[in-house]
2 protein chains.
Amino acid sequence: MSNALHIQKNDHYVTIYNEDFIEKANHLKPELYTTIVKPISIVKVRKNSEVIHGWEVETEAPISALNERKYRKDESFILDFGDHYVGYISMNIRPVGSPPDAPLRLKLTIGEMPVEMAEPFEEYDGWLSSSWLQEETIYVDVLPGKIDLPRRYCFRYIKFEILDTSPKYQVIFENVECKAVTSANIAGVKPLQHTDEMLKRIDKVSIKTLADCMQDVFEDGPKRDRRLWLGDLRLQALADYETFKTKDLVKRCLYLFAGVPDDRGQVTANVFTAPSLIADDTVLYDYSLFFAATLHDYYFATKDITTLKELWPTAYRQIELALARLDNRCIVKDSSDWWSFIDWKDGLNKQTPSQAILIYTMKQAIRLAEVLARPEKDWLEIQLTNTIEGAIKYLWDEQQKFFISGDNRQVSWASQIWMVLADILPFEENKELMNRLLEDKPECGLATPYMYHHLVEALILVDEKEKAISMMKLYWGGMIEDGADTFWELYDPGNKNFSPYGSDLINSYCHAWSCTPTYLIRKYKL
Amino acid sequence: MSNALHIQKNDHYVTIYNEDFIEKANHLKPELYTTIVKPISIVKVRKNSEVIHGWEVETEAPISALNERKYRKDESFILDFGDHYVGYISMNIRPVGSPPDAPLRLKLTIGEMPVEMAEPFEEYDGWLSSSWLQEETIYVDVLPGKIDLPRRYCFRYIKFEILDTSPKYQVIFENVECKAVTSANIAGVKPLQHTDEMLKRIDKVSIKTLADCMQDVFEDGPKRDRRLWLGDLRLQALADYETFKTKDLVKRCLYLFAGVPDDRGQVTANVFTAPSLIADDTVLYDYSLFFAATLHDYYFATKDITTLKELWPTAYRQIELALARLDNRCIVKDSSDWWSFIDWKDGLNKQTPSQAILIYTMKQAIRLAEVLARPEKDWLEIQLTNTIEGAIKYLWDEQQKFFISGDNRQVSWASQIWMVLADILPFEENKELMNRLLEDKPECGLATPYMYHHLVEALILVDEKEKAISMMKLYWGGMIEDGADTFWELYDPGNKNFSPYGSDLINSYCHAWSCTPTYLIRKYKL
């Protein structure tokens, strides 16, 4: 196999390519399911300060009216596809009047949310690249003609602005449609039997979110980022096992990560798959550990021992590297220059949640070592004991009855939640800790659906199902009531118009890490 | 043949399709010659009130520097291809830095002249459709990648504006090139042997202009309009016979016009050829007559009697229809609602130049009738005598010694020039008239190279070759000195920044009707 390894360096990052693994991943590239979907109505947007982002859509005419409408320079309209889709947009454009004596210049704005139809992209001044905003200005030289827009889009709405024709002709739009794509077999999912209508709706939107993120790989967001992240993959895989059971896609993604570690053997936080497989130079402490977690979940969902055997060294290596960061107290070293993701929460100290994730994944690795009868198991068990003891000795504040993190002894929700998930306290103490957390509400709270997922799962694990359900309804149900067709990357029920990127336009409104309620509902029979 | 005729109507225009003619035209569709051309330097534009439009380019670096340059958000550069081209643009874009974690958003502005690189298209507010301005904003999702821009462009310069990347990567542009296309066999033209360097330069730029307008049909302007006009075709064909001798392309264009007359048999002023052959609903008195003129010139350039026989009825029909507009004095009726082109000159009365063009083309028709031994010849000769007599009796002002036009007895350059070309006065009187015209300079002058062509040809016909050459050097030589790589649609040596469309950006800087100096120089051995 050493023949199949080669090395690629850029200025500051070295990738070791494992061609055998990459070839395995390539063979598992899925066929996409395609569906032709069509707009359901012509709509307009109007201001409404009562709704999220301040914009709502209102039906202006049924879609059947479109074929009758002639558009000239400076006119515009918005089509509503009725649901969120990922795919390829096409249309026919027919001129009326004299033969077109100048090209048609047409601007298309493609968006997931009403705000994208209402606020001009030109004014976007956020921190992420404006190249994620979905917009096309096209020139049509030959009319009538069929137009295939050049990219894959992620949307529910399309705004058409007729920038110019000529005074001699107008245009009619026909057969506007989207070839929607996903690698999820939507028809294969069993509908949820449940008496609670809101849970059924949450389940359905979760599944739609997951499906729209499932393409050649599990993408984090089909509008923005569009790539495979390990932290998202772990959650998508869990939701997939309960729904589509597209287990080969999880396997493919594991091989993609294992195919491009760095020169120390650490897997990257995310990979690009076009034009060819490329490891990003972002490495996150927790995400690398989640390789082991994802392999663990994959094995217990599939019992695919061949894959487990082949990928075990990669998973084990992540634990080894994570353990190398422990200080002599067996605590994950904190510093100003390391990256562990945990959550987008400003000011969140990452030390204690990272320690918890290390413990959480070591337990999973030990289970895998047991299955494989690997000699590393004993050593892992010693390390586990040490890290748990270290955590209790140095990170638990007996006075506050909370885990603290970092030099400033920060009490964050994330630390408590992950320590409960790591399951190092007795059951009753975990339960008390979770209830104390809900009661005391420490200031350093949760920022993302990703972290809310872990909160809900921790509540379930301490047998507080009702509280878990309430939290899920408050958070994901809140999104639905605020108009979500798919679950959003970001949602703060207390500050609905907040974007950490400086603009609501650039948020991803279909995001992988938000798809987990279907997993929680089905797995734990909520 | 009647089986092959069908009728198509729109609101206000009826076309009779002659499928036999259209099929003949289709069979003559030329193969295009393609050449890969590359930029020669990186340039910048700077203000200079001394030059046309107030902008000039200055070399910033040789093109070899491009591969070394990394561009980030908000940077830009301009490439100069060193000459005017029509074709398809492609490039490779390579990222440097981290793997691209956001698409590249790139704006390309493609122009014939420095002004197009300098003045923002967004501010264009002219009277023609802004859709003619050559601009693309593209999103590149996969890098490195090869980009093929979606349209055919007409240009010398390309401005690249990097609208966005991400902070993690920059881009390098490589292999920027154009697949230049023309149906002209450039290598087949004999170089002009001449002692006058300026005439040699004028000849060369004429030929380049003609070549860039020669595509599937003779186009009027490869940047703007891009279609087959009869008035331009006539002049292009004349220039072609002296240079490329692509006579089948003239034949094809004649069949295209003859293939789609209106329900009275009149040929349109211009046709569209995509998505299929369509007659424009613009009909011009003079342009329809030029069908006969173009057939005449084609026959005498080729002696292709088969085509002449087949297209004679169409040519003859144009004369018949034009004659139907005569009043009982045998003068072309003037009115406020008819269209004869003649020239873009504001306020120009079209009556007398149209009368002259009728006489000019009748004479050609009679020559063709003679070749064909057609019985219509006698009738044409009677009509010719009547229209000449009418012209002299009613349109010649013996006191002013000029032809007058319209109710207001307008003395225009166009009337004198066309009456000299129609050749109804004795040679010496024509010569005196032309000299009187140059001397007296009536106020209603010339607007376009199209009309300047007729001025120069009229001077040649009255044996004022030196004056013809001076005029040609003043006008076409002036364009060259003002930076023309190909001859422009519009040029007023006295008001160089004037655009009849309200903006210099929308002018066509490679225009068919400006290509005739090579014809005049070579045909008349200037």
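Predicted model: local features only at pLDDT ≥ 70, side-chain atom pairs only at ≥ 80, totals over all residues.

Residues are numbered from 1 along each chain as its sequence is written, chains are lettered from A and ligands numbered from 1 in the order in which they are written, and side-chain values use heavy atoms, with hydrogens and water left out.

**The interface**

Select the residues of each chain that are in contact with the other (heavy atoms within 4.5 Å). The contact takes 37 residues from chain B and 37 residues from chain A. Between them the chains bury about 2,900 Å², 50% of it on carbon and sulfur atoms; buried area is the accessible area (1.4 Å probe) that two parts lose on being put together, summed over both. On the chain B side, highlight B:Pro99, B:Ser131 and B:Tyr139, which lose the most area to chain A, together 19% of what that side buries. The copies meet through the same surface, because 100% of the interface residues of chain B are also interface residues in chain A.

**The N-terminal domain**

Next, select residues 39-180 of chain A, where UniProt (unreviewed entry) places the feature "domain: Glycosyl hydrolase family 78 alpha-rhamnosidase N-terminal". UniProt annotations may be inferred rather than shown by experiment; their positions follow the numbering used here and feature names are shortened. This span is 4% helix and 56% strand, and its end C-alpha atoms lie 12 Å apart. Helices (H or I, at least four residues) and strands (E, at least two) are DSSP runs, numbered from the N terminus.

Turn now to chain B and select strand β10, residues 153-164. Since 10 of its 12 residues are buried, β10(B) is largely enclosed by the rest of the structure; buried means under 20% relative accessible area, with a 1.4 Å probe and protein chains only. Two strands pair if DSSP finds at least two bridges between them. Strand β6 (residues 76-97) of chain B runs antiparallel to β10(B) and is joined to it by 8 bridges, with B:Ile78 partnered by B:Lys159. Strand β7 (residues 104-111) of chain B is also antiparallel to β10(B), over 7 bridges, and here B:Gly111 is partnered by B:Tyr157.

Return to chain A and select residues 195-520, where UniProt (unreviewed entry) places "domain: Alpha-L-rhamnosidase six-hairpin glycosidase". This span is 55% helix and 3% strand.

Select helix α8, residues 351-372 of chain A, which reaches 31 Å from its first C-alpha to its last, close to the 32 Å expected at 1.5 Å times one less than its number of residues. The helix α8(A) is largely enclosed by the rest of the structure, because 19 of its 22 residues are buried. A:Ala373 follows, with a positive phi near 55°.

Finally, display the open antiparallel sheet of 3 strands in chain A, ordered β12-β13-β14. Its edge strands are β12 (228-229) and β14 (278-279). In β13(A), A:Asn270 is the bridge partner of A:Trp229.

Terms used:
Buried < 20%, exposed > 50% of the residue type's maximum accessible area, 1.4 Å probe, protein only.
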